[in-house]
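I opened a notebook page for this structure. Below are my entries in the order in which I made them.

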Amino acid sequence: MTGPKKIEAPALRQSTAVAALQPDAMAGLKCYVANEKIQQAIGLPGKLAADWQETHDAAIAKMGELLGKYRSLKVFMDACVHCGACTDKCHYFIGTGDPKNMPVARQDLMRSVYRRYFTEAGKLFPDLVGARDLSKEVLDEWYTYYWQCSECRRCSVFCPFGIDTAEVTMAARHILDTVGYGQKYTNEIIGKVNNIGNNLGLSGPALQNTLEGLEEDLKEDTGLDIKFPLDVQGAEVLLITPSADFFAEPHIESLIGYGKVFHAAGISWTLSSHASEFGNFGLFNGDYEMMRKVALRVRKAALELGVKRIVVGECGHAWRVAYSFWNTLTGIGAGADDPFAVQLQSQLDHRYKQPAHICELTWDLIQQGRIKFDKSANDHRIITFHDSCNVARGSRMGDAPGGQFEIPRNIIRAVANKYVEMPQGTTREATFCCGGGGGLLTDELLELRVKGALPRMEALQQVVDQQGVNFMATICAICKAQFTKVLPYYNHKMSMVGGVHQLVSTAIRLGDK
Amino acid sequence: MTVATIFFTVLYYAAAAIFVVGMVVKIASFVRTPAPLKIPTPPAPTTTGGVLLRMLREIVLFQSLFKSNRWIWFLGILFHASLLLVLTRHLFGFLQPTWFWAVWVQTYFPYAGFVMVAALVGLWGRRFLVERIRYISTYSDHLMLALLVGIGASGLAMRFIEDTDLVTMKAFFIGLMSFDLQPLPVQLGLYIHLLLVALLMIVFPFSKLLHVPGVFFSPSRNQTDDPRAKRHLAPWAAKLEKT
């Protein structure tokens, strides 16, 4: 055994010209495979079958099933013309140079198998059309490279046919799961959220303790009784937030911010010990039923507590699931006429968006003048905003397209005086993933995470050098955790990253309404 | 009837049948497969009208490709636009009388075929010169370009080198369409052109040319962004609620 490899950040590029390909640069980096216990806890086969043929047949059968269930997968397998538009768009390719991290090449890992088994051309002329049999080596390659994709959808923005590698990655992971080849990090967390109620395995009493401690701290700081209520029947708002908000830094600063906003606006709210987790790692595995099961906890908690509004905290992929999928999966939303969804929708107050992002709630209150700020309290910060990939490219806020870009920025400008933008092409719908999304926020992938952060770090460096930026705000628990870990590799302080509601928390006026 | 006439008659009926049946089967499979989740790539339109405009911008202007890579966009739009002009001019061969706007195209764009071939050569060049694109190119990518260049070049040869007997050729195609067999002129350039076009029709439903119907069915482009306002549920997903 050699010692752990020392991970170094790649040098910032002087121009955005693409460097030469580094074939197989990341071929050796494979995240931990889930053990039998983890797999079986979420109803998946414990491990690969002893007989390869059995695995092969099961994988191809699953692929056929998914091709019949997802138009996205079917069209994306057929429509690619290998034009190359996406080849320089992935942050993992930019950071590693590994050609299999180019979106089209990543898709082709599956497309080559699709062609062999599901198209006439690939059945008759495999070599001609780049088709290949599914072998153990191919399956291993899938595992390696589909777990080097953060499902950030940047490639999809630039594809002339809208081909979204995230959809392909999700299908591949779903297939891998069903043949007993799941990923430890993601599947372990799905087990925890199903059994305990949140991704970190925080029990109800432990959560109660944490929240009480927080209330005491805030009492000391502000002299006010700012509450963090848990399981309060009949509260107006049910807040669902990533469980990292309960104790991780800088996440908890945003939780304090939410509490202050509710306090200042006089809105009754509650957390739920049954559904104390906003994150939905079912998305990462591309498994509809797994994602549905995780999401149904929120439906159940909302029905039990009788809340009128469902509001969610700062989390990227979870907001994608909430905004784009909750209505489909659980009926949290509006406009349904089926009994399953109507049961919940008739309870909700449709003067408000359901579900709503905490940024939408805060921005509405700011516009109504119901919360006020002392902007100078943030004057020690020169702030920039990192658009989290799944918020930017998987959701919306407010009424108009692009609200997910404008509303967080509007809030920052309302609570702070010094705000600057990172360079064009690295923000809004073209934003770069932090490098840790989509189920890759695990230590054994640190090398990939450090390298994948390169384009964001380059953009950040530019505003640090030119405008003196010392705070990068973001609204995603994964972004916060990833940057906290990765910023030091690029010679920045880890405290440079924080939440939008951390800024709100600093500047909000509490006593003098 | 010459052997060539009979050969091309049979070939074109077969190619047309394969093309039509292949495309219908493929498009039907796109239509039948549900999109269970809302996945439009934001910022996405919130209304059907907005989606139509977005699709129009994608299909006519290649909007996303423009954002992505100006070279591919330029060569791509040059190829597709000149192909459209060339195809319009081909209506001469199939319609009696010919529509006025086909005449208009014939009059004002006599050299569209050269532009088309030049754009194809440019696109092909990228497959050799750009390392990333060289890496992703398969044999079929090269062969598809070779086929299109072959079709373009043989077509240009028919017009500018060989003095093709257009009147007889038109009679042949109108005959084909009305099941009234007519002789085909004896000309090498014409034979090559017809052979390659038939090949293109045959491979169309089995190749990456499926991007043509595919772009209309891409959920990331053709969905409205309204998941909170309307419940979107695929039939197979609705069944989960029954259990």
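**Cysteines**

I began with Cys86(A), which counts as buried because its relative accessibility is 11%. Buried means under 20% relative accessible area, exposed over 50%, and partly exposed in between, with a 1.4 Å probe and protein chains only. I noted that this is a predicted model, where local features need pLDDT of at least 70, side-chain atom pairs count only at pLDDT 80 or more, and totals for chains, interfaces and linings use all residues. I also noted that residues are numbered from 1 along each chain as its sequence is written, that chains are lettered from A and ligands numbered from 1 in the order in which they are written, and that side-chain values use heavy atoms, without hydrogens and water.

Next I looked for disulfides, pairs of cysteine sulfur atoms within 2.5 Å. Cys86(A) is in none, and its nearest cysteine sulfur, in Cys155(A), is 6.5 Å away.

I recorded Cys152(A) as buried, with a relative accessible area of 8%.

**Asp221(A)**

I found Asp221(A) in helix α11 of chain A, residues 204-222. Helices are DSSP runs (H or I, at least four residues), strands likewise (E, at least two), numbered from the N terminus. Asp221(A) counts as exposed because its relative accessibility is 64%.

**Chain B**

I listed 13 helices and zero strands for chain B. Of its 243 residues, 51% count as buried. The C-alpha trace of chain B spans about 65 × 40 × 40 Å along its principal axes.
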